[in-house]
Amino acid sequence: MVEEAQGTVFGRAQTAPVGGRGRRSLVKGVLSHLALTLMALTSLAPFVWMVLASFKPLEEVEQINPLPTVWHPENYARVFEQIPFARYYFNSVFIAAWVTFLQCLTSAMAAYAFARLRWKGRDTIFRLYLATLMIPGVVTMIPNYTLMVWLHLLDSYIGLIVPAAFSAFGTFLLRQFMLTIPPSLDEAAKIDGASHWQIFWDIIMPLSRAGLITLAIFTFMGNYGSFFWPLILIKSDHLRTLPIGMLYFDTNYGRQTNLIMAASVMNIIPLVILFVVSQRFLVRGIQLGAVKG
Amino acid sequence: MSVLPARKAGDERAIAWLFLLPNFVGFGVFTAGPVLFSLVVSFSNWNLQRTVPFQWIGFGNYVELMHDTQFWLYFINTLYLMLGMPVAIAGSLALAILLSQRLRGIVVYRTLFYLPSITSGVALMILWKALYNPDFGPINAMINAVSEALGLKVKAPEWLLSTANLLGLEVEQVRVSMKQFGLGARDALIIMGIWIAIGGNNMLLYLAALTNVPQELIEAAQLDGAGKWAVFRNVTWPQLAPTTFFIVVMSFIGGLQGGFEQARVMTGGGPAGTTTTLTYYIYTKAFEEFQIGYASAISWILFAIIFVVTLINWKFGAKEVSY
């Protein structure tokens, strides 16, 4: 269903009638492609520089010639020799995966209550809950830090995962998806004697798959790159995530731009792959998130 | 997992609360509670280093804040860094308009434009720090090469090392002078910000909104003899108003809280504090100087500013938007 909707969002642009005719529209097309290509190159250029720099010896990074005279793939291996980069990778993925799983579960449950159940005050409470998205992160950051101190959860996986496991945004996003499921399905299941948990788990969850995938991608990407919270929470090296590890690699290991760029490339690659694979869900999710904001 | 007992229709409130429980407990513990806690703490002199005895000081922090020149300078920095916002939004709209035509390779363009915002974060900021390096970075290498080729004697900017800026703001005092005019650290961050944002979420939102503009309206206007610009101004732009409104509100909320990563990763808040934003100031007060009470007060002022700005946006923006 969502895939169809996705098709209409971008499909219509493709099938819309051609504006100009003949030579004029050809010129217009060429000019548009020119502008778009120029912009695409601007987007891409820093990444190209980063990849090329990651294969250069240090002294060549600082020269203007774009290509390395000799390619040095061993730069990548040297990153692993200098810092526990694999460990950082694992930590980032491990933490982001747990946060994603928990956030999808708690958000889906809340979204079920807001989208599929009838109760007094539902919409008022939903709007109030949504309004809390305006609270700036820095306001809660300091008290949450002191809370972690009291609970002795500084420098722990639990401290990194649990505070991020609840999301008003996720609830909102999944509610929008669940509202599109026809109510007759729940009614029929209720008549058959299904419990609410069964309706939620066996009917609504599978039908919300597209929404769950969208939220999962958002959450995973957001937490993979999360910076502020791990920065203040983590003290020991073996718990550092990629962004924190990168930060200290950049500041504490002297000037070795080529290795830092190699680390950056490795940091970014999973995100690029994830985006290319999942972009139709992501695009749809971003657009849906704003429709009824 | 345990199975919840089925209930009769109309009696769903208890069930609803059970389903809301995990989320609301988390919200209470990690959001609502902390918000109140930070408000309470902002009336104290609480310092984690325990060099000063704990004391309730009423509005002391807030009074001190009003006389804190740094606070005002960093507030101005925060606003200055938001100057890129209208450029980025207009750029997103322009790209979306280009992409909404019937062209080949739309998905490829879209992917490339989106790349910076999907990878944004520490890795990207470390990359830009290298790009901006005044002596070895490729940006200045290009500027120097071009200026040499043209026989100009342009001095390339010092970027992240310079306090210069396009408004000529003075360092460490709220004043303007021509000596400060130029390109510096703040402008570098703005340029990077535009590069990240222009092809990101806002462009996707505009793209969706553009495909939803009723084709009949555009054709009707064209039949009435309206030119391209007139069609855009009188048909497309008003139809995009809800999207623009949403984007502006979100940009303000994000911009007022922004600048932390850039400051922590790229500049350390410098040179001379010129890239320290309110969020970074709160961070340094709380986690480097351990003045939890004072930092909480700043964060509440920031909260209040965001709240007021959002209200103003609603008051004036909602009029433009016809649902």
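# Briefing: helix packing, salt bridges and backbone details

In chain A, helix α9 (residues 168-179) and helix α12 (residues 209-224) bring their axes within 9 Å of each other, crossing at roughly 155°. Angles over 145 degrees count as roughly antiparallel, and α9(A) and α12(A) are therefore roughly antiparallel to each other. Please keep in mind as you browse that this is a predicted model.

- Two packed helices are described by the angle between their axes and the distance between the axes.
- For this pair the angle is roughly 155° and the axes come within 9 Å.
- The crossing of α9(A) past α12(A) is right-handed.

**Chain B as a whole**

- Chain B has 14 helices and zero strands.
- Its pattern along the sequence reads α-α-α-α-α-α-α-α-α-α-α-α-α-α.
- The C-alpha trace of chain B spans about 75 × 70 × 40 Å along its principal axes.
- Chain B has 323 residues, of which 53% count as buried.

**Salt bridges**

- Side chains of opposite charge can pair when their charged atoms come close.
- A:Glu62 counts as partly exposed because its relative accessibility is 23%.
- A:Arg118 and A:Glu187 form another salt bridge, with 3.0 Å between the closest N and O atoms.
- Here too the pair links distant parts of the chain, 69 residues apart, with A:Arg118 in the loop between α5 and α6 (122-131) of chain A and A:Glu187 in helix α10 (residues 184-191) of chain A.
- A:Glu187 has 32% relative accessibility, so this residue counts as partly exposed.
- A:Asp250 and B:Lys129 also meet in a salt bridge through their side chains, at 2.6 Å from N to O.
- This pair joins two chains, because A:Asp250 sits in helix α14 of chain A and B:Lys129 in helix α6 (residues 122-132) of chain B.
- The two partners fall in separate classes: A:Asp250 is buried, with a relative accessible area of 13%, whereas B:Lys129, at 25% relative accessibility, counts as partly exposed.
- The cut-off behind these labels is that buried means under 20% relative accessible area.

**Backbone details to look at**

- Most residues other than glycine have a negative phi, and most peptide bonds are trans.
- A:Asp155 is not a glycine, yet has a positive phi of about 60°.
- You will find A:Asp155 in the loop between α7 (137-150) and α8 (157-161) of chain A, and its 25% relative accessibility makes it partly exposed.
- B:Phe290 also has a positive phi, near 60°, and is a residue other than glycine.
- The place of B:Phe290 is the loop between α13 and α14 of chain B, where its relative accessibility of 26% counts as partly exposed.
- The peptide bond from B:Gly270 to B:Pro271 is cis, its omega being near 0°.
- B:Pro271 belongs to the loop between α12 (260-267) and α13 (278-287) of chain B.

**A nonpolar surface patch in chain B**

- Five residues, B:Phe307, B:Val308, B:Leu311, B:Ile312 and B:Phe316, make up a nonpolar patch on the surface, and together they have about 480 Å² of accessible area.
- B:Val308, one of the patch residues, lies in helix α14 (residues 292-320) of chain B.
- B:Val308 counts as partly exposed, because its relative accessibility is 44%.

**A buried tyrosine in chain A**

- A:Tyr112 is part of helix α5 (residues 85-115) of chain A.
- With a relative accessible area of 1%, A:Tyr112 is buried.
- A:Tyr112 and A:Leu147 are 35 residues apart in sequence, and their C-alpha atoms are 30 Å apart in space.

Key:
Residues numbered from 1 in each chain as written. Chains lettered and ligands numbered in written order. Predicted model: local features only at pLDDT ≥ 70, side-chain atom pairs only at ≥ 80, totals over all residues. Heavy atoms only, no water. Patch = residues over 30% accessible without salt bridge, like charges linked within 9 Å, V, L, I, M, F, W, Y side chains within 5 Å. Areas by Shrake-Rupley, 256 points an atom, 1.4 Å probe, with all protein chains shown as cover. Salt bridge = Lys/Arg side-chain N within 4 Å of Asp/Glu carboxyl O. Helix = DSSP H or I, 4+ residues; strand = E, 2+ residues; numbered from the N terminus. Buried < 20%, exposed > 50% of the residue type's maximum accessible area, 1.4 Å probe, protein only. Axes fitted to C-alpha atoms, helices over the stretch in contact; angles between N-to-C directions. Parallel < 35°, antiparallel > 145°, perpendicular 65-115°, else oblique. Left-handed = near helix turned anticlockwise from the far one by under 90°.
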